[in-house]
Amino acid sequence: MDRRTVIYVVLLVSLRVARALPRTSQDLEEKTSIGQRFSQLQENNFKVIALILFAQYVPGGTFSRAAAMAEGVTALARRCAAAASDSPDCLQPLDKIFFDTICREENLPRSAECCAKRDPERNDCFLSLKNSSQGFSSPLERPDAEAACRNHSQHGQPLTAYFIYEVSRRHPFLYAPTILSVALRYEEMKQNCCGNAEGPSHHVEECFQRQAPKVMQPVREDALRQQHTCGILKKFGERTLKALKLVQVSQKFPQADFVTVHKLVVAVADMHKDCCRGDTLDCMRDREEILRYVCSSQHVLSSRIQQCCEKPLLQRSECILNTQNDDKPAGLSPLVREFIEDKGICERFAQEKDMHLARFLYEYSRRHPEFSAQMLLRIGKGYEDLLRECCRPGAPSGCRSRGEEELRKHIYETESVMRTSCDIYKEKGDYYFQNELLMSFTKKMPQLTSAELIKFTKEMTTIGSKCCQLGQDKLLPCAEEHLDLVLERICRRHLADPINPGVCRCCSSSYAFRRPCIGKLEIDETYVPLALTPGLFAFHGDLCTSEEEKLQHRKQEMLITLLKYKPQISAEQLGSVTAAFAAMRERCCGEASPEACFLKEGPELIKRSEKMLSA
């Protein structure tokens, strides 16, 4: 079996056939024994899974100790498989075997307290350690090219194992399929870059530098998606997460009936609960059961996923996610008037509550793939509010009829915001569009550092470049769903170090309304502007650089400082100060000694700018 096949097959870690969905993490009967797992996976595959688990549960350990523990567990699995043994060791649950192995090791970082406990408290303790280890190590941006190629010919497999260990310990919650996919890309990069390792070393370094971003991209993207999902679950609860997944599954599989979609949504939510707890084994088991269910239900869900289901298991999930939404059933009207006009609606809402709302969200989502998931959640919340108001005793007749007008208004407002943003982007281009965002977000969130403001607005600008070129039917899902990931990072930043009351309100009150809420924030009135000190605005020769990217970055830093100094600055005042600065820069950069010119002209510019700003 070649190395590629080994890495593909290694994901087959959970082969218990799902008889029904959803299942819960407490559904413990009939789990596969360690000997059966070993036989299903074969030795190399089993060992890699064990290495990932030990690296994720003991991120402060070392590669040699994690590898030794993986060897020990693999030796037990080999014995159990060979003898089909009924010995107590072979019949223990896998999680107990793994934690017992960790607890037999001496002086492992922070594990003694957990090992003093009994299951299930011991399991929970290790999960809490895993939670606290997030951010323990900096992300692995680029593998070491010299070390990789030096060992490539003699020690390719051990080096790949070390790479898997490094990725795993840095990302204790990252799904094993992602880690294994990255390992495959790492293997291919080594083959490509180390083939001519006898040549100059800088060529190898350049090759790694060029290909590493593609290798590591799935790690960053999956980690962000996972943090986003777990953030929703933690902050807004299971009901919100289920509603989001209901929208996404209904849009993906509009041909499927409500019962099938709802069953799948509950299973996906249960999976995320296990995965967000850090329960790696149950997470992997849940994930595979869902893939098996989806692929065995193609006739009900979608004809477009057949090719995905024929792929190795490692590739199925990504393939299904990237498959285009299935076509809507013929004859579906864009509106669902029966949910407003039927006489028995209030009675059904009183009896079924969330299930009735879920049916509405399913019906509306499957009709509108051109809407973002967040917008559909807002529509669902609007419908819920309408029923709560109009179904109460004494509500005026015709109360529900205004629902359709409110719906049209919200759709128009959302589409207008995105269309206007794209018009500005197309008119101004990346740099000036980012400057517009910087002006807006520095006033909303002046507590953020210049580096943070530039980073977040750069990510938003990238969304503009990606989404604004799409047609109207793709614009909203692309723009709002990518923007939602950036806003999630801003909210995580707020959680770590509070920004201001406005951001707190938007990040805490409602997931669906987070984007409109942040969009409507204005100048933070609680912020105390920067004082004008001698070093606040410093002009140096670096402003004369010929490297456009560096110059733009420097100018953006100065723009942020100006806005933090004068948050109430008007567009006219900003234009005047900017023009005065540009004239000074042009003059000084033409001098023999730009530094001396800036030293003289800089204070004069500040004085003139003060007059402009106080006018």
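UniProt annotations may be inferred rather than shown by experiment. In this predicted model, the UniProt record places the feature "binding site", from an unreviewed entry, at Asp279. Asp279 lies in the loop between helices H13 and H14. Its relative accessible area is 10%; because buried means under 20%, Asp279 is classed as buried. Leaving aside neighbours within four places in sequence, the contacts of Asp279 are Tyr57, Asn123, Leu127 and Asp274.

With a relative accessibility of 2%, Gly278 counts as buried. Beyond its neighbours within four places in sequence, Gly278 is in contact with Tyr57, Leu127, Lys130 and Phe173. Gly278 and Leu129 are 149 residues apart in sequence, while their C-alpha atoms are 9.8 Å apart in space.

The largest nonpolar core contains 111 residues, of which Leu264, Tyr364, Ile379 and Phe539 touch the most other members. This core lies between domain 2 (416–520) and domain 3 (541–614), because both domains give residues to it. Apart from this core lies another, of 61 residues, including Phe54, Ala77, Ile179 and Met284. As for Tyr364, when neighbours within four places in sequence are left aside, this residue is in contact with Pro334, Leu335, Val336, Phe371, Leu376, Ile379, Leu407 and Ile411.

Terms used:
Residues are numbered from 1 along each chain as its sequence is written. This is a predicted model: local features need pLDDT of at least 70, side-chain atom pairs count only at pLDDT 80 or more; totals for chains, interfaces and linings use all residues. Side-chain values use heavy atoms; hydrogens and water are left out. A nonpolar core is a set of buried Ala, Val, Leu, Ile, Met, Phe, Trp, Tyr and Cys residues joined through side-chain atoms within 4.5 Å. Buried means under 20% relative accessible area, exposed over 50%, partly exposed in between (1.4 Å probe, protein chains only). Domain bounds come from an automatic or database domain assignment. Contact means heavy atoms within 4.5 Å. Helices (H or I, at least four residues) and strands (E, at least two) are DSSP runs, numbered from the N terminus.
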